Amino acid sequence: MAWTNSKVFARYVSDMMDNIVAFDLGSDVPKVALYNNVITPDNTVVSASTAYGVGQWAAANEVSQAVQWPVGGVALAGTSLTVGASATTYDANDTASGSAATLASIFGALVYDDTITTPVADQGLSYNYFGGTNSVTNGTFTVVWNVAGIFRATY
Amino acid sequence: MKSWGCPNCGKLAYTAEPLPHTEFHPCPGLKGVLAPMIEVGQKVKVLAVVREDYIGREVVRKDDDGRPVMAVVTERPDGSNDCAVFAPTASFGTSAG
């Protein structure tokens with residue numbers, strides 16, 4: 001299987017609606033971890049399996065480099081939540097590595113809430129598929145978030 | 001003050017930002033794709049990389065010809081490179097029945 005699309009985790013939505021997890025995207029600090037193509041992301045898994053370091057998101061499948069794009073990922077900065085006429089959008093500044101990164105086989109990213117510790121630590125919010133393999137050699141790797149946001153709810 | 005140029009469209013820019021950063025612009029030379037500016041004096045290639053997988057319902061970035069662009073890569077003569085990937089938006093829909 002492998003990566004096929006970008007999705008919001010169903011349990012992120014239901015845990016928020018059911019007040020099981022106190023997500024606060026106005027103050028929480030999510031992180032962006034990079035992954036290779038060995039994994040098969042699934043947005044319908046239970047909450048525990050959406051978390052960083054668990055299941056598909058295990059460290060063995062993570063693409064990282066000390067200092068440049070460290071294990072556990074890079075924190076989102078400049079986050080914003082915008083309510084519009086047809087969608088509520090969660091966005092942030094583009095996320096960049098250090099300037100001497102060497103990373104290979106980057107297929108996508110897990111965006112998870114690094115502030116949440118209970119009932120599931122580091123619960124996943126979304127995963128975003130880049131559309132193929134990407135790499136960088138002794139340079140800067142940047143995730144440019146779409147103008148429509150990292151993720152959004154449409155209505 | 002830093003001076004920037006684009007090898008594909010010739011656009012020039014100047015910034016006074018003291019922290020490390022890269023200027024981006026919608027590049028006419030790359031059919032409108034958002035591309036990095038290069039510090040003046042560097043000899044590099046800036047290339048748009050077409051998405052390898054099918055689009056499906058993904059919200060992707062496209063060039064002026066409608067081709068889905070996955071990333072823009074800056075290649076330097078020493079073999080190093082930068083890569084800026086365009087992450088699609090993850091979406092979920094809500095409706096009242």
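## Exercises on helix H1 of chain A

**Exercise 1.** State which strands the buried residues of H1(A) pack against, and then work out how the helix is oriented.

Solution. The buried residues of H1(A) pack against strand S1 (7-8) and strand S9 (124-139) of chain A, where helices (H or I, at least four residues) and strands (E, at least two) are DSSP runs numbered from the N terminus. This is a predicted model, in which local features need pLDDT of at least 70 and side-chain atom pairs count only at pLDDT 80 or more, while totals for chains, interfaces and linings use all residues. Residues are numbered from 1 along each chain as its sequence is written, and chains are lettered from A and ligands numbered from 1 in the order in which they are written.

Next, identify the residues: within H1 (residues 10-17), Arg11(A), Tyr12(A) and Asp15(A) are buried (20 or more other C-beta atoms, placed from the backbone, within 10 Å of their own; exposed means 12 or fewer, partly exposed in between). Seen down the axis of H1(A), these buried residues fall within an arc of 105 degrees, so they line one face of the helix (the arc is that of the directions from the helix axis to the C-beta atoms).

Finally, turn to the face directed away from the buried side, which carries the exposed residues Ser14(A) and Met17(A).

**Exercise 2.** Describe what follows H1(A), and place the helix in the pattern of chain A.

Solution. After H1(A) comes Asn19(A), whose phi is positive, near 55 degrees. Chain A has 1 helix and 11 strands, and along the sequence the pattern reads β-α-β-β-β-β-β-β-β-β-β-β.

Methods. Two residues are in contact if their C-beta atoms, placed from the backbone, lie within 7 Å.
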